[in-house]
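Please view the sequence and the structure together while reading.

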Amino acid sequence: MAEDKDGAEAAVSEVHKKISAAFNLFDDESNTTVDVREVGTIIRSLGCFPTEAELHEILTEIEDEELTGLVRLEKFLPVMTKVLMERKFRPVPEELLLQAFEVLDQEKKGYLEPEELKRFMTQEGEPFSNDEMEEMLSAAVDPDKNVIFYKDFVGMMTVRDP
Amino acid sequence: MGCGTSVSTEDQGKKLDRDESTKGSCPALTMKAAILIQRWYRRYIARLEMRRRYTWNIFQSIEYAGEQEQLQLSSFFSFMLDNFTPLNGSSPCDPMTEDGGVARYELIDVEQSYCGPHLSFPLSVNHTNALLSAYKDQQTLHARYVLQLLHETMKFLEQMPNIIHLSTSYYKEITICGDLHGSLDDLLLIFYKNGLPSANNPYVFNGDFVDRGKKSVEIIIILFAFMLLYPDHMHLNRGNHEDHIMNLRYGFTKEVMQKYKTHGRDILQLLQDVFSLLPVATVIDSKVLIVHGGISDMTDLNFLDSIERHKVKSALRLPRRTIDSVMVTRCSSQGKGAVRSRRRGPARRSRLRNHSGRSSSSSSSSSSSSSSSSSLCSPRVSSRSRPRPSLASSVLSPTHSSYVPCLDSMASIAIETQPTEEEEWKQVVDLLWSDPKIQDGCTPNTFRGGGCYFGPDVTRALLQRHGLRLLIRSHQCKQEGYELCHDGQVITIFSASNYYEVGSNRGAYVKLGPDLAPRFFQYQVSRCTRKLTLHQRVSAAEDSALKALQEKLFAHRSELVATFQQYDKHSTGAISPSDWAQAVESVLRLDLPWRTLRPRLARLSQDGDVEYLSCFDNIYPSKTAPQVTPNLAETLYRYRTDLETIFNIIDKDHSGLISIEEFRHTWKLFSTHLRVAAEDRRPSSRTDLSSWRPSGWCIGWERPRRRTEFNIKGLIKTASTLS
């Protein structure tokens, strides 16, 4: 894989810069640390789709032993570089996202009731917190019909970042 | 809602087992589907969070950079004021002089047709109620009553000490509010949630009542009225925007003149003094210090207690002696990069939410030393009864302007003043302008250009020296409306929600009871019936932030292009994203995540490099203004807010019109100051400032107006014809 040494180094350096830029955005105290609770956001904002379990694995690996609750850039950088170079946590194709909603829509109505979605999202899989659930519903529920037309919602979630 | 269907990541890997997820409804499949949706949704939110953060950074960087520009020009503004403004000294009709025993406002008739509220003094609860409901109905208070109210406010403030001392023992709780910035909705919401000020419900408003928002007049009228009604239960600290020169730039002057066409000038003049008479600090139970900005390692509350605070009319109007030294320091500090540590990032949403209502555990400050040694601890009565003849007499005497001597030329700048005046000025500016920082130490606030950054050690030292436990300050917009730092010894409280943009931040106030454990209350004013989704909020804010950033890029076009070209060794018109990011930061020094922002600002070429000229595409006027040299357009763009401020200064009657002579003179002075070549040919009409407004800058390129007006195009035309 690393035949072309220069090219590989350049690629690593680009990845480093990308990671540092994302990290810095969350480094509120300008001391190259971030709150451990932000790490998931950073990893995901870099285009990754980890599960909570996978995220947890990474976190235990990089959390600072002395400063609990904080993650240092020097710990985060190599781990995250590996993730990006090896293309872990790859995006889930969006047609699968729509299919997933169709699985939940067992009666094939074409929509979900807010209560249905809430039940699935807070009781199945890697459950949402109340905040997450509230925010999702505020974006997903059609204000007139008070149901979730999930096809529209998938369209919104998958819209390309400009 | 969105309609795009493409995946937003670079990778299209298909790992999930398709067959499984398409049919049937077994529990395992349901769980798998739920996890998949949860993964997608969490990533979607993460992207939004990142965009929200850089949007916040853009707003904050640009906001502080504006203040820095304003302060950097302070010597020039002082000079302008001395030369052009009639506001100081020799005004023929000073509304606050009571020569014949008749105040000027009494000569103003209230027309029969006036249907707003009527005031009589002393004020009663009926009056404040009438004011509140009138303002809710979009009415205005008659100029006569405004002047009378300001007059009464000034009389009241004259006998107030510099530092007000309050005690919780008389009340259950004291409410402290931060910046309002002309946002009447926020003030009304606070009153709605927390009750009106009264003997049982005391308030401290911690400065920055005015500027930026459109209802600054209403806010100060309400606040002053309540202060007169409940002088012992309603307290106002001065903020850095209670400053008549700041008001020229940030909108309050304009607002007053629009609302009070005939008497606006008198109101502004009176306000200049009222603002400078506002107390600069409040202390609760000798334990909690409340100031607008913060402190420095020089802050000395005993000294501050003794100064004549009204002498500090403006942070931008230095005592004479300082001007030279400031000019020197400014030169020497040029080229230094902004300090990376200056920015407090946005508060973490979820985390801080959980903190609400919890105390900041005032830690182990050994509060045994509660003896009355320092004057800070002296009870309020004694400081109030202390005679202050010098203050009262100097304010009211006709010669009170002598401390800001009118200058005929820059030559007289070196006039001697008492050294204490400079010290007083500095002490007050530090209180009004400073921000906390994470690292120890005290450094000049290079980002804002005034006050300083104070570290945890500075806070600790000051609190210890005065036997205090807590510092409450405002001055910085926070995502959640409040934030703790310095181990909980410093609280930032900010009460204007949606400050940068709809949805950008919540507002908050804090309540202190006898246990002095702060309790926070958050809110957000919303105008639309349906709550905006996070996506909608972020996108709206992001758009306006990016627009502001594009203007910044354009304003520094030639420097940027020169820098880009240094990286572009082969003149291809494209450089690597890293080089591009570095080049932009080296010129703009806004400390922004340029790499992350790049896709929103500039195009990539096919081989992944940045086509650097594309970052001017959205703003450059190109063919629509053929007669204009790009450099002139750029210069005007860059200094437009400075120029607007300056025009406001020379526009003596605040009519929005200045003569071409005045314009020419100013432009010459200003361009000399900036060392920009100015040309001067002669157009022939008066110049209208009213179209000279920020919006005109973004869109004003297309169509020239008929008269010589100061939209950007008009200005460029005018300036380029001066020779």
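The following paragraphs treat a helix, a sheet and a pair of helices in turn.

The model is predicted: local features need pLDDT of at least 70, side-chain atom pairs count only at pLDDT 80 or more, and totals for chains, interfaces and linings use all residues. Residues are numbered from 1 along each chain as its sequence is written. Helices (H or I, at least four residues) and strands (E, at least two) are DSSP runs, numbered from the N terminus.

Helix 5 of chain B covers residues 143-158 and reaches 22 Å from its first C-alpha to its last. This is close to the 22 Å expected at 1.5 Å a residue, where the expected span is 1.5 Å times one less than the number of residues. Of its 16 residues, 15 are buried (under 20% relative accessible area, 1.4 Å probe, protein chains only).

In chain B, three strands form an open sheet of mixed pairing in the order 7-9-8; two strands pair if DSSP finds at least two bridges between them. Strands 7 and 8 of chain B stand at the edges, each with a single partner strand, so one side of each has no neighbour in the sheet.

| Strand of chain B | Residues |
|---|---|
| Strand 7 | 435-436 |
| Strand 8 | 442-444 |
| Strand 9 | 452-454 |

Strands 7 and 9 of chain B run parallel and are joined by two bridges. P436(B) stands opposite F454(B) of strand 9.

Finally, the axes of helix 18 (residues 534-555) and helix 21 (residues 594-601) of chain B come within 11 Å and cross at roughly 90 degrees; axes are lines fitted to C-alpha atoms over the stretch in contact, and angles run from 0 to 180 degrees between N-to-C directions. Contact (heavy atoms within 4.5 Å) involves residues including L546(B) of helix 18 and W594(B) of helix 21 of chain B.

How values were computed:
Chains lettered and ligands numbered in written order. Heavy atoms only, no water. Buried < 20%, exposed > 50% of the residue type's maximum accessible area, 1.4 Å probe, protein only.
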